[in-house]
Amino acid sequence: MLRPLLRALHVQLRPPARLCRIHRAGLRGQIRFGNFVYFEENGCILRSVADGDKGSAEVLLSTEDLCFHDAFIQRLRISPDERYMATSIKSSNSEESTCIIMKLDKLPVIERIIPNVFSFEWATNNVLFYTSQENLVCHNVFLTTLTNTKHTELVYTEQDPRFFVDICCTKDRRFLTINSNSKTTSEVWLVDCSHPFKSPVLVQQRTKGVIYHIEHRNDELYILTTYEQPAEYKLMKTPLGSCGMENWQSVYTLKEKTKLIDMEMFKDQCVMFLKYYNHLYLNVISLGSHSVQSVELPAWACAFELEPHPEYNTSACYFQLASPVQPPKRFAYSLVENHLIEQVEQEVPITLNCHTVHLTAKSKDETLVPITVFHNTNSKELHRKPLLVHVYGAYGIDLNMSFKAENLMLIDNGWILAYCHVRGGGELGLGWHRDGCKHNKLNGFYDLKACMMLLHEVGFSQPKYTALIGASAGGVLAGALCNADPELFGAMVLQAPFLDVLNTMLDIHLPLTIEEQEEWGDPLTDDKCMEYIKSYCPYHNIKPQHYPSVLITAYENDERIPLTGVLRYIHKLRKAVMDHASSKYKQGSPAPNIILNVQTGGSHCAPSWEDSLNEVAGHLAFLHRELKLEGK
């Protein structure tokens, strides 16, 4: 699985971590390794005999027994001989994880506890490599042994503060890869698993603008890379002994405006999970003939989650599909019979009269911007129904379209849900991100405005019944639109929002400022960049005028979005609202509510389960009140 490359595009900077086979609720699905199946349930890791009864599974680890309260399991790795299990546990109040190494005897016992670990992999039965994380930075790789002569040593250190280091294991377990990635550039070192104490070997020296990641098969390296034109992902290969990029040979290139969601290597096939204008499909590439078979996925699917496949010779690839209004469904693609199978599981059926509409809005430069809309099939007079517009548009990350239970209630109550896939996100490939970052950031703003206007023009709600919602870096575009065109919506809900771009990017003492220059630019050395950021920065463009009501949720322990920036924004916005309300021309007009909810627990966009329920309830109550929906 090509985790490090993809996580480099999603994790290092402001957005919440996603692409490490990590999910807020814990491990996805089950992991089959050797004769056993490992899975997570209620904060415990359990093991059962493969193809056996899960009811007889044994508990290997419990987060509660280890006094990890309000914590979830992130990552799980089993040693080749299945004598050891390494897992990471993360609290919702912290960005750092703790690695627990268990010896799987008749009675599992804790062998080692390593704090502040981001990624880890087994090189041999008793040698574990891991990366350490501190203040959101991950630069060091260590190895530790579990032999009688236990020791730990430093293997690799990244010197460039723009880069983040991760570890992965090739599917055939021949190599560990040390992956050092910035947002635009990467470098990979190989550790031979049969000789883990030898120095890592460089594959290809980092070249500005070239991202690549490595897999191995039959003494050949398979490289997923942006090398050569077009500047989209392509699969290449090269002999193991000639790994420089001058020897890379093309195997497959993604077509323009295609998003690579994930990729999995198997013994004879490579499976790419792709999105083209919000339609999901698989491309199965034969590693022998290089032939490609495309497999359409169900039209309702909007979100995809690949399950772990540590075994190289497996006969099927398992994954889950979902949408904002459809809970995850498990599917399998048979690598032998070449067809898709929906896994039938016992579940409570959900009956929902929901209609999906795909629109395209024409932005200021005439670029067509996709919009996905959900509404109740039985709704009439859609122009009078409340509309909730979602936006993100940063870091090449797709707008989150995974299932949320509250969406069922909203649809049932007549709400319209709209997802605006603006530039800066990754929905239409790497070029879609490039066209919405740094000196192109305003493109995302114009896209959002065009989407909002089109939704109203075609009869989906009207401004007084419309709310805008964004999280993290989605706050930049939402906040910019709130300043420039506040008449387009009646309320705005932001979660851990990034609102003070300029002051943040001028403060090099913050842990992510240097890394984020590849997304926002460098105002410290570039005056034009400073003026450009100032032109859209939500904090710097607040002015006395009519504003929609605003609810912001921030987190006391958020290391990514400093609370001070949110407080500055709230203070300035409230002052502007008061100045406007007190003007002689506006006396008697009701002032909007500007509400800040600071959560004492939780880290960036990751509140505890109980707090998340309270947040959802608070958001819905706010929207119902501020959009004056009591009688609707």
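This is a predicted model: local features need pLDDT of at least 70, side-chain atom pairs count only at pLDDT 80 or more; totals for chains, interfaces and linings use all residues.
Strand β33 (residues 491-495) runs parallel to β34, and 5 bridges join the two.

- Strand β34 covers residues 549-555, and because 7 of its 7 residues are buried, the strand is largely enclosed by the rest of the structure.
- On one side of β34, the buried residues are S549, L551, T553 and Y555.

**An open antiparallel sheet**

- Seen in order, the 7 strands of this open sheet are β5-β6-β7-β8-β9-β10-β11, and their pairing is antiparallel.
- At the edges lie β5 (71-78) and β11 (152-157), each of which pairs on one side only.
- From one strand to the next, the twist averages 35°.
- Strand β7 (residues 97-103) and strand β8 (residues 109-122) run antiparallel and are joined by 6 bridges.
- C99 has I114 in β8 as its bridge partner.
- The two strands β7 and β8 form a hairpin, with 5 residues between them.
- Next comes another antiparallel pair, β8 and β9, joined by 4 bridges.
- Here V117 stands opposite S132 in β9, and the hairpin that joins β8 to β9 passes through 4 residues.
- Strand β9 (residues 127-134) also pairs with strand β10 (residues 137-145), in the antiparallel sense and over 7 bridges.
- In that pairing, E134 is found opposite V137 in β10.

- T131 belongs to strand β9, and with a relative accessible area of 0%, T131 is buried.
- The side chain of T131 makes a polar contact with the side chain of S119, at 2.9 Å.
- L136 sits in the loop between β9 and β10, where its relative accessible area of 1% makes it buried.
- The backbone of L136 has a positive phi of about 70°, although L136 is not a glycine.

**Other backbone details**

- Most residues other than glycine have a negative phi, and most peptide bonds are trans.
- S461 is another non-glycine residue with a positive phi, of about 65°.
- You can find S461 in the loop between α4 (441-457) and β32 (466-471), and at 3% relative accessibility S461 counts as buried.
- The peptide bond from Q229 to P230 is cis, with omega near -5°.
- P230 is placed in the loop between β17 (220-225) and β18 (234-239).

**The second largest pocket**

- The second largest pocket holds about 840 Å³ of space.
- It is lined by 41 residues, and the closest to its centre are K183, T184, R434, C437 and E518.
- Two or more lining residues come from each of β20 (258-265), α3 (430-434), α7 (517-520) and α8 (527-536).
- Sorted by class, the lining of the second largest pocket has 15 nonpolar, 14 polar and 12 charged residues.

- S582 lies in the loop between α9 (563-581) and β35 (594-599).
- A polar atom of the S582 side chain lies 3.1 Å from the backbone oxygen of D579.
- S582 and F489 are 93 residues apart in sequence, and their C-alpha atoms are 22 Å apart in space.

Terms used. Residues are numbered from 1 along each chain as its sequence is written. Side-chain values use heavy atoms; hydrogens and water are left out. Two strands pair if DSSP finds at least two bridges between them. Axes are lines fitted to C-alpha atoms, for helices over the stretch in contact, and angles run from 0 to 180 degrees between N-to-C directions. On a 1 Å grid over the protein atoms alone, a cavity is a set of points where a 1.4 Å probe fits but cannot get out, and a pocket is an open set with protein on both sides within 12 Å along at least five of seven lines; lining residues have an atom within 4 Å of a point. Grid points are joined across faces, edges and corners, and a volume is the space filled by probe spheres set on the points. Ala, Val, Leu, Ile, Met, Phe, Trp, Tyr, Cys and Pro count as nonpolar, Asp, Glu, Lys and Arg as charged, and the others, Gly among them, as polar. Buried means under 20% relative accessible area, exposed over 50%, partly exposed in between (1.4 Å probe, protein chains only). A polar contact is a pair of N or O atoms within 3.5 Å; within protein, one must be able to donate a hydrogen and the other to accept it, and residues adjacent in sequence count only if both atoms are side-chain atoms.
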